[in-house]
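Student: Could you take me through this structure one feature at a time, giving the general idea before the particular case?

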Amino acid sequence: MGPPGCGKSETWKMLAKSQDLDGKKTTTVDLNPKVTSTNELYGVVLMATREWKDGLMSKTMRDLANIPNTNPKWIILDGDLDANWIESMNSVMDDNKLLTLASNERIPLKPHMRLIFEIRDLRFATPATVSRAGILFISDVAGSQWRSLVKSWIKHQNYDAEKKSNLQGLFDKYLPETLKYCAKTFKHIIPQVEICMVMSLCKLLENMLKKGDIKGLEYLFVFGCIWCIGGGYAENQKKNFSNWWKDKWKVIKFPSKGTVFDYFVDVENSKLEDWSKMSGPDIVSTIDTSKSIPSYTIPTVDTISAQFLLRQFININHCTILVGLAGCGKTQIIKGLLNDLVS
């Protein structure tokens, strides 16, 4: 049990591999009980025909029980708990170790078979469920997960020893205090975990550092740190984040005008520039007045910055989510980027 990104999946995968070293091949079946209804999970008798329709969990458990060898077999239930599906597991988790179906079939959980629940919390679990399970909570408060990710990422990059050392120093300098302060002060539009933001920062840097010799390494790092941590805040939160950043970190000095989100890094000259300088040719001269207004998208600071960041993540095959209300321009931003990539 633990928040996303804390290492739950890696924990059971590592344990399974360690058992394989002893010659006992561990069979694992990973399924999410929340992707189906309770009837589709355990099976149901169709009232119209009295026909039994097997379920995802019932079929998986039966198939594993019918395998003749006694090698370890794990069913990983990776999904949030709710009273609709977990209560039907109580008979499997107690001394009976039997899954009783609506068809009166009883499927045993054999001695070499195990149920492993990979969940976020016990908010919707009943006392009956909690008392039947051994609980291992994995915390991410200390930040060991993202620190391990950073060390692994730096190790696997084709940089020289000096650049790797400088990168590690920048992560150690900026991230601990920034993540700690932001976690207790600001709130993302969509909840994010620390390791997700750090992973995005690593991916952004990985693409931007492809250009070879970068003189202003700290400029790029600060730019990536600002967007990967603060880019998911609402506008009022962004202003507060910007004020805090300018007051806290003064090695890379931002202009007093606007926020830290209004500038990008000119890599060649190692300085900050306004996003408007990246707008390209004059849009006015390219407008055909015979076409309707929706046929054109006028570049703004928001569209230019969003397309720039999207391009960096796309180049490195990193998934990106555009979040906003209907009509705010998400589709136009993507269409504009696609047109640029095609041309």
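Tutor: Helix 13 (residues 330–342) has 13 residues, which at 1.5 Å a residue should span 18 Å, and its end C-alpha atoms are 19 Å apart, which agrees; the expected span is 1.5 Å times one less than the number of residues, and helices (H or I, at least four residues) and strands (E, at least two) are DSSP runs, numbered from the N terminus. This is a predicted model, in which local features need pLDDT of at least 70 and side-chain atom pairs count only at pLDDT 80 or more, whereas totals for chains, interfaces and linings use all residues. Residues are numbered from 1 along each chain as its sequence is written, and side-chain values use heavy atoms, with hydrogens and water left out.

Student: Which residues of helix 13 are buried, and which are exposed on the other side?

Tutor: Buried means under 20% relative accessible area, exposed over 50%, and partly exposed in between (1.4 Å probe, protein chains only). In helix 13, Ile-333, Gly-336 and Leu-337 are buried. They cover an arc of only 100° around the axis, taken from the directions from the helix axis to the C-beta atoms, which puts them on the same side of helix 13. On the other side, Thr-331, Asn-339 and Val-342 are exposed.

Student: Where is Asn-317, the residue with a positive phi?

Tutor: Asn-317, whose phi is near 60° although the residue is not glycine, lies in the loop between helix 12 and helix 13, and at 74% relative accessibility Asn-317 counts as exposed.

Student: How many residues line the largest pocket, and which are closest to its centre?

Tutor: On a 1 Å grid over the protein atoms alone, a pocket is an open set of points where a 1.4 Å probe fits, with protein on both sides within 12 Å along at least five of seven lines, and lining residues have an atom within 4 Å of a point. The largest pocket holds about 1,400 Å³ of space, a volume being the space filled by probe spheres set on the points, which are joined across faces, edges and corners. Of its 44 lining residues, Gly-231, Gly-232, Ile-321, Leu-322 and Val-323 are the closest to the centre. Helix 12 gives the largest share of the lining, eight residues.

Student: Which element gives the largest share of the lining of the second largest pocket?

Tutor: Strand 7 does, with six residues. That pocket has a volume of about 710 Å³, and among its 30 lining residues Leu-115, Ile-116, Phe-117, Ala-133 and Gly-134 lie nearest the centre.
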